[in-house]
Amino acid sequence: MKNFFEVDSFPDFIMGQDMFLQMHHAEDDNHIAEVVNMVNRNQKDFSTYLDLRHYTNVDSAKRVISKREQLAKQGLLVDYAIQLFTGKTIGCISFTNRGDGSVGVTYYIDKQFRGMGFISKSLNLAEPEMAKLGFKEIVLEINETNENSIRVANKNGYTFNETGFCMKDFIKKLSNINNEH
């Protein structure tokens, strides 16, 4: 069995200037309803790259989020809602401890908020937090046909790493990340 990279629990909130990342919590019905509504609004578009079966209604989302919350407390993975200060959920971003000192990232953004830099802002908020936890690099795990996400990776200083799978990995070293922000 693989030994996972030891990290403390992920933070509940990561605050920015015009938005923030909030960890998903199963007991927060309003938050979960916002996520489910966003997924349902974008289901056709999101289903190209994501398995959305568990986020089609509040009850199934709560079950999944409850299980994933336990993994977040263990430092294994965390799911955050990307939120505006109005409380509106506009996307989600997940970080997975890959067990080798790197953290894998997947994300999605509501179609009406694409092209506005919210994924870049989310990455910029999260990078120093992941460095504080001790991760050495962030790996964006992007489907090879997702041209928009590949552009986001390139724009934000991530470099392509060939995996041989349908997912493309784009890597950014975190060693100097606290000096950049």
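Student: How do you know that β3 and β4 pair?

Tutor: Count the bridges: 7 of them join β3 to β4, and the two strands run antiparallel. Two strands pair if DSSP finds at least two bridges between them, so β3 and β4 qualify. One example is Q83, whose bridge partner in β4 is T89. By the way, this is a predicted model, where local features need pLDDT of at least 70 and side-chain atom pairs count only at pLDDT 80 or more, while totals for chains, interfaces and linings use all residues. Residues are numbered from 1 along each chain as its sequence is written, and side-chain values use heavy atoms, leaving out hydrogens and water.

Student: What makes β3 and β4 a strand each?

Tutor: A strand is a DSSP run of E with at least two residues, a helix a run of H or I with at least four, and both are numbered from the N terminus. Strand β3 covers residues 77–84 and strand β4 residues 89–97. They form a hairpin with 4 residues between them, and G87 in the turn has a positive phi of about 95°.

Student: Why is β4 called largely enclosed?

Tutor: Because 8 of the 9 residues of β4 are buried. Buried means under 20% relative accessible area, exposed over 50%, and partly exposed in between, with a 1.4 Å probe and protein chains only. F95 has 0% relative accessibility, so F95 counts as buried.

Student: How many aromatic pairs are there, and why is the one of F10 and F135 called stacked?

Tutor: There are 5 aromatic pairs. F10 and F135 sit 6.3 Å centre to centre, with 15° between the planes. Rings of Phe, Tyr and Trp (its six-membered ring) pair if their centres lie within 6.5 Å; planes under 30 degrees apart are stacked, over 60 edge-to-face, and the rest tilted. So F10 and F135 are a stacked pair. The pair links distant parts of the chain, 125 residues apart. F10 is buried at 3% relative accessibility, and F135 is buried at 2%.

Student: What do you call the pair of Y80 and F95?

Tutor: Edge-to-face, with 6.1 Å centre to centre and 75° between the planes. Here Y80 is in strand β3 and F95 in strand β4.

Student: How do you know that K121 lies over the face of F118?

Tutor: K121 is at 5.1 Å from the ring centre. A charge sits over a ring if NZ of Lys or CZ of Arg is within 6 Å of the ring centre and within 35 degrees of the ring normal. K121 lies over the face of F118, with its distance inside the 6 Å cut-off.
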